[in-house]
Amino acid sequence: MFAPIYLDHNATTPLEPAVREAMLPWLSDQYGNASSRHEYGRSARRAIDVARSQVASAIGAHFSEIVFTSNGTEANNLFVKGAAACMKPGLLAVSAIEHPSVIKPAEQLARRGWQLHRLAVEHDGRVDAQSYETSLEAKPRLVSVMLANNETGVLQDVVALAAQAKAAGALFHSDAVQALGKIGIDFRSLGAAGVNALTLSSHKIGGPKGAAALVLDKRVEIEPLIAGGGQERGLRSGTENIAAIVGFGVACEMAARNLVAVTPRLIALRDQLESGLCAMGATLFGLGAGRLPNTTYFALDDVDGETLVSHLDRAGFAVASGAACSSANPEMSHVLRAMGVAPEQARGAVRVSLGAANTVAHVNDFLKTLQITVSKLLQLTAVAV
Ligand code: PLP
């Protein structure tokens, strides 16, 4: 089969071969239920415990702080709704650029008596300090600001934001789904600053789909979304997906181990890509802010992003227009809208997110193909006009 060059690692990543190997026994003869008292069950429980330690040590958390869920969406919902369920309705502040899995549950709470503040961001995508301070003066009970944005890759100064939230008496959650495996994360120091919970997801770091975690400060009380057999300290009932959890553990261990070697390579590839894009006159979103090493979000004048992505797909390159999770939705990216990007320019947005297997040749070929494709599209537009 013809395999396009994959440049969409913020959407999902290929399964690491070592992860797959580790998972295989749990998809064949190791089929025990971790709650069973016999040897099949006990070995499944041990496998989950190993994975829990691997996830915890990859981010400097304690074993007991990891709550496995089935995906990052569930972990975000668990924190936002679960923490709110233990409080009287009050003010909830989330950044305007959060993933829908934070924004939608926050909107659900707003329909149930909570007041929702959407924290404004500056043009470069970082939370606006003034808007944040104003929100904190109104004493929110819960604050959620992501560590790294999935579209732009822009990083937030979560340590400073959490410290301010703590001083204002709010619980602070950060969606670290895109940050995991791309920058170092230390839950101990984040926790000392005031971060009470983090969301992680396996399939963004070479692990399987079907496993994720809410990393939760044990002093924070939350209500489970799913009640039942009491798995995961009662916070996420349901028979565990052992193969996926085992894979997630190995993927975390590998990501933490490879971070130092992979990061400079990704930065070099991203710089190569971005200098090629600038030479073509592209606008790069989030420029000036600290960004993930692998993410470039750009637009070219008079070129529609959706059209460009489908032409690039046919030419053998897999990239995204806007957020992958919502690419069925033709609306303007809420992230770019919050950053004050004009709708005409936002319509052109295309995201390239690199991974460890990408090479200099991939980036060169992509830039050449992009140049040819864009010239063709501009000619077609000129003829149509
Ligand atoms: N948060 C961010 C920032 C994401 O990019 C995504 C997925 O793209 C999610 C949460 C949801 O994670 P999952 O795909 O594991 O549900």
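1. The shell around the ligand consists of ten polar, three nonpolar and two charged residues. The model is a predicted one. In total, 15 residues surround the ligand, and the closest are Gly72, Thr73, Asp175, Ser201 and Lys204. Helix H3 (residues 72-84) supplies the largest share of this shell, namely three residues.

2. A polar backbone atom of glycine 72 is 2.8 Å from a ligand oxygen. Threonine 73 places a polar side-chain atom 2.7 Å from an oxygen atom of the ligand, and for glutamine 178 the corresponding distance, again from a polar side-chain atom, is 2.8 Å. The protein buries 93% of the 390 Å² that the ligand exposes when taken alone.

3. The model contains 14 salt bridges. One of them pairs arginine 45 with glutamate 240, with 3.3 Å between the closest N and O atoms. Arginine 45 belongs to helix H2 (residues 39-58), whereas glutamate 240 sits in the loop between strand S8 (212-216) and helix H8 (242-279), so this pair ties together parts that are 195 residues apart in sequence. Arginine 45 is partly exposed, at 26% relative accessibility, while glutamate 240 is buried, at 10%.

4. Aspartate 124 and arginine 126 form another salt bridge, their closest N and O atoms being 2.6 Å apart. Aspartate 124 has a relative accessible area of 12% and is therefore buried, since the limit is under 20%. Arginine 126, at 33%, is partly exposed.

Conventions:
Residues numbered from 1 in each chain as written. Predicted model: local features only at pLDDT ≥ 70, side-chain atom pairs only at ≥ 80, totals over all residues. Heavy atoms only, no water. Near = heavy atom within 4 Å. Polar contact = N/O pair within 3.5 Å; in protein donor to acceptor, adjacent residues only side chain to side chain. Areas by Shrake-Rupley, 256 points an atom, 1.4 Å probe, with all protein chains shown as cover. Helix = DSSP H or I, 4+ residues; strand = E, 2+ residues; numbered from the N terminus. Nonpolar A, V, L, I, M, F, W, Y, C, P; charged D, E, K, R; others polar. Salt bridge = Lys/Arg side-chain N within 4 Å of Asp/Glu carboxyl O. Buried < 20%, exposed > 50% of the residue type's maximum accessible area, 1.4 Å probe, protein only.
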